[in-house]
Amino acid sequence: MIRPVIGSEQEIKDLQMSIETYLSFMLNEVVDASKQSLPYFRGDFKIAEKSNTVYAYDPVTEADKAVEQYLRKQIETRFPDHGIEGEEYGLTNSSSPWRWIIDPIDGTRYFMTGLTGWATLVGLLYEGEPILGMAVQPFTEEVYYGDGTTAFWHHKKVKRQINIPAKASPTLDNCIVMTYSPDAFLEHEARAFAQLSARTKATLYGSDCFAFIMAAMGYIDIVVEANLERYDIVPLLPIIKGAGALATQWNGESATQAGNIIVTPYETILNEAQTCLKL
């Protein structure tokens, strides 16, 4: 488990008991919160455009707001002393050691175009470190969650642990790299990504959070993204690391700070990619 440095064995035991409580809460309330989006999906809803972002088009829908409002209410009722940091409604109770990170709909552009490459992302931090993370796609009834040591995938009535398949570590020359869109890179970042892409067998585009999840499951060799906010990646870190995959910034620093991110199951690819992506 991703665990901050704390004092006594009793503190560790208390923390573990708390995590079990929080996971139970997430398996109920996060799943329920994600379903608040379903009345809007492939229906009629209002769309607004955010300003002051790196994206040329950064939409927000009624569904994004409905999911976050629902989940904030549940957290505030159950854990009133916890902080909440959400994409749509900002940060509250910032002094709490516990903080919930919420991306109500990661992949809003997929959502508004009727595609299923979106999910509700929720993470829980303790003293700044990711403790639990969850991704829920309510339309396809998929739930992914992890605690940094283990990770699981629920699909309807099927549950299985996520483990990266054992195979020889590939190199960039024989791997597939995935990123959301070339439009997401600033000019200097695009040049760095082009260096990496030129080394690989193929480059695919799209998928938002599901690209990271599929890398954690061993289906994608490497995912490279730029200019991510904390709510885009922090909820996924306990899943990625729980499955045994790796996540860092391009420069090798902690992915918890978001920004420019690499996720891969393979250390050999991570090292090569970091070299290619030096700015």
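This is a predicted model: local features need pLDDT of at least 70, side-chain atom pairs count only at pLDDT 80 or more; totals for chains, interfaces and linings use all residues.
Local features were considered at pLDDT of at least 70 and side-chain atom pairs at pLDDT 80 or more, whereas totals for chains, interfaces and linings use all residues. Residues are numbered from 1 along each chain as its sequence is written, and side-chain values use heavy atoms, with hydrogens and water left out.

An open sheet is formed by 8 strands in the order S4-S3-S5-S6-S7-S8-S9-S10, with mixed pairing. Helices (H or I, at least four residues) and strands (E, at least two) are DSSP runs numbered from the N terminus, and two strands pair if DSSP finds at least two bridges between them. Strand S4 (90-92) and strand S10 (158-161) are the edge strands, each pairing on one side only. From one strand to the next, the twist averages 15 degrees.

Strand S3 (residues 83-86) and strand S5 (residues 98-106) run parallel and are joined by 4 bridges; Glu85 stands opposite Ile101 in S5. Strands S8 and S9, by contrast, pair in the antiparallel sense over 5 bridges, and Glu142 has His155 in S9 as its bridge partner. The hairpin of S8 and S9 has 4 residues between the strands, and Gly148 in the turn has a positive phi of about 90 degrees. S9 and S10 also run antiparallel, joined by 4 bridges, with His154 opposite Lys159 in S10. In their hairpin, 2 residues lie between the strands and Lys156 takes a positive phi near 55 degrees.

The axes of helix H4 (residues 187-199) and helix H8 (residues 267-276) come within 8 Å and cross at roughly 135 degrees. Axes are lines fitted to C-alpha atoms, for helices over the stretch in contact, and angles run from 0 to 180 degrees between N-to-C directions. H4 and H8 are therefore oblique to each other; angles under 35 degrees count as roughly parallel, over 145 as roughly antiparallel, 65 to 115 as roughly perpendicular and the rest as oblique. The contact (heavy atoms within 4.5 Å) involves Ala192, Gln195, Leu196 and Arg199 of H4 and Glu272, Ala273 and Cys276 of H8.

The second largest pocket holds about 190 Å³ of space. A pocket is an open set of points on a 1 Å grid over the protein atoms alone, where a 1.4 Å probe fits, with protein on both sides within 12 Å along at least five of seven lines; lining residues have an atom within 4 Å of a point. Grid points are joined across faces, edges and corners, and a volume is the space filled by probe spheres set on the points. Among the 13 lining residues, Val31, Lys35, Glu141, Glu142 and Val143 are the closest to the centre of this pocket.
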